[in-house]
Amino acid sequence: MEHVSVEKIIEFVSVDRLSESDLALTREVNAHLCDCADCRRRVRAAQTVYDALLAECKTREAAKKRLSRELDETLERKI
Amino acid sequence: MIALTEEEFDRIIVELLETKPVKYDALCAAAEKLLTKPLRRKCAEVPALGSVCTYEDLLSETYIRLIKCAIPSFFLRTDTVNRDREGFCRWVYTVAANICRDKIRFSAAHAAVPLEKDDDEDSIPLQIADPSAERPFAACEDIETLREAFAIVLGSDMQIYKVITWVAQAVMILSEGVSKIESNDLLIKRYENMTLDRMWEEIRRASAALPWLRVRKEDDLRVRKMLDAPFKENVRYGDMRYQDFYMKKGAKASISDWVNRINAVIRRNDAWNM
Ligand SMILES: [Zn+2]
């Protein structure tokens with residue numbers, strides 16, 4: 001089973017409106033989360049970090065960038 | 001508190017977990033049913049909230065949050081589907097209450113004149129009094145403060161089983177999205193028969209899910225040194241089982257007591273309190 005990519009997880013946890021493309025993304029990720037405990041854990045962890053970063057950063061874009069860096073520094077990308 | 005019918009709740013589960021593509025209609029309808037009145041009231045009663053957004057804004061934000069979190073943080077937080085209807089309603093209220101709280105904090109942070117103490121934590125929840133629904137590690141806590149709290153705890157002189165308890169609970173809450181109350185039960189279930197050595201290994205492994213949290217090498221060494229210290233003749237702390245440290249008042253009360261003591265240490269360090 002192919003897991004959700006880090007890039008998609010970052011997009012997913014930072015969704016803050018529901019455009020057509022955001023909806024499509026949440027549907028795709030949620031469908032995978034129904035069957036994958038690993039990705040559910042990764043999403044929960046990324047959401048926690050993103051929320052904390054959002055409180056620190058001025059914009060959503062900045063928070064996303066920092067989240068990407070935080071995840072980059074771990075083994076995340078190897079999953 | 002308004003509740004959902006069994007049908008409404010079942011439809012949410014079917015749409016989220018059994019329908020492809022996933023549908024959110026029932027989820028959003030439930031949020032609307034549960035939250036419209038309390039959010040309206042909240043906006044009317046709390047100027048710090050009503051002046052920055054409408055209840056519709058709050059409702060939309062709540063929808064998005066629910067869409068992102070309902071599966072990983074509620075329905076499938078464990079491997080079996082959570083069918084606790086009342087728990088779900090409480091969870092939805094909590095999600096909305098946290099969104100209100102963040103809005104109030106944001107408005108307070110950006111107000112030219114200091115607001116009255118209306119943004120006190122206690123005044124924010126939407127009349128929910130369920131402590132288990134509380135989110136103990138607010139998303140607003142910045143990462144540096146969290147890291148600092150971990151460093152303080154890992155560097156403290158408290159007994160090793162207390163330190164390990166605090167770290168285990170924090171990692172559990174942050175990486176698994178459980179509430180503080182739930183985490184007490186989970187801690188007991190997961191660790192009570194383990195030795196402290198094994199428990200520390202497990203916690204280290206679990207903490208890998210928190211990329212921003214690095215247990216520094218020196219902290220790890222320090223913990224291991226404490227685990228190596230003799231508990232009694234020929235027995236190290238690390239060889240003792242977690243439950244061996246419970247006090248007479250029981251597992252839960254012991255754990256709460258230890259966590260409170262550690263939090264007091266953190267507060268003394270003026271960094272953060274849980
Ligand atoms: Zn996966």
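Reader: Which residues coordinate the zinc ion?
Author: This is a predicted model. In it, the zinc ion is coordinated by His3(A) through ND1, His32(A) through NE2, and Cys36(A) and Cys39(A) through SG. The distances run from 2.0 to 2.3 Å.

Reader: And what spacing do the donors follow along the chain?
Author: The spacing is H-x28-H-x3-C-x2-C.

Reader: What are the angles among the 4 donor atoms?
Author: They are 100 to 131°, and the site of the zinc ion is tetrahedral. Ideal angles for four tetrahedral donors are 109.5 degrees.

Reader: Staying in chain A, what does Lys8(A) meet in a salt bridge?
Author: The side chain of Lys8(A) meets that of Glu28(A), at 2.7 Å from N to O. This pair links distant parts of the chain, 20 residues apart. Lys8(A) sits in helix H1 (residues 6-13) of chain A, and Glu28(A) in helix H2 (residues 20-33) of chain A.

Reader: Why can side chains like that pair up?
Author: Side chains of opposite charge can pair when their charged atoms come close.

Reader: How many salt bridges are there over all chains?
Author: The structure holds 27. Across the interface of chain B and chain A, the rule finds 2. One of them joins Arg40(A) and Asp79(B), at 3.5 Å from N to O.

Reader: Which elements of chain B give two or more residues to the side that touches chain A?
Author: They are helices H1 (6-18), H4 (55-75), H6 (143-154) and H7 (160-176) of chain B. H4(B) gives the most, with 8 residues.

Reader: What kinds of residues are on that side of chain B?
Author: The side of chain B that touches chain A divides into 18 nonpolar, 4 polar and 11 charged residues.

Reader: How many residues are in contact between chain B and chain A?
Author: 33 residues of chain B are in contact with 32 of chain A. The area buried between the two chains is about 2,600 Å², and carbon and sulfur atoms give 62% of that. There are also 10 residue pairs in polar contact between chain B and chain A, counting pairs with both residues at pLDDT 80 or more.

Reader: New topic, the backbone. Where is the cis peptide bond that involves Pro21(B)?
Author: It joins Lys20(B) and Pro21(B), with omega about -5°. Pro21(B) is in the loop between H1 and helix H2 (25-45) of chain B.

Reader: Last one. What is the phi of Asn234(B)?
Author: It is positive, about 65°, although Asn234(B) is not a glycine. Asn234(B) lies in the loop between strand S1 (230-232) and strand S2 (235-236) of chain B.

Definitions and conventions:
Residues are numbered from 1 along each chain as its sequence is written. Chains are lettered from A and ligands numbered from 1 in the order in which they are written. This is a predicted model: local features need pLDDT of at least 70, side-chain atom pairs count only at pLDDT 80 or more; totals for chains, interfaces and linings use all residues. Side-chain values use heavy atoms; hydrogens and water are left out. Contact means heavy atoms within 4.5 Å. Buried area is the accessible area (1.4 Å probe) that two parts lose on being put together, summed over both. A salt bridge is a side-chain nitrogen of Lys or Arg within 4 Å of a carboxyl oxygen of Asp or Glu. A polar contact is a pair of N or O atoms within 3.5 Å; within protein, one must be able to donate a hydrogen and the other to accept it, and residues adjacent in sequence count only if both atoms are side-chain atoms. Helices (H or I, at least four residues) and strands (E, at least two) are DSSP runs, numbered from the N terminus. Ala, Val, Leu, Ile, Met, Phe, Trp, Tyr, Cys and Pro count as nonpolar, Asp, Glu, Lys and Arg as charged, and the others, Gly among them, as polar. Donors are N, O and S atoms within 2.8 Å of the metal (3.2 Å for Na, K and Ca); water is not among the atoms, so sites may look incomplete. Four donors count as tetrahedral if all angles lie between 85 and 135 degrees; four count as square planar and six as octahedral if opposite donors are over 155 degrees apart and all others between 65 and 115; anything else is irregular.
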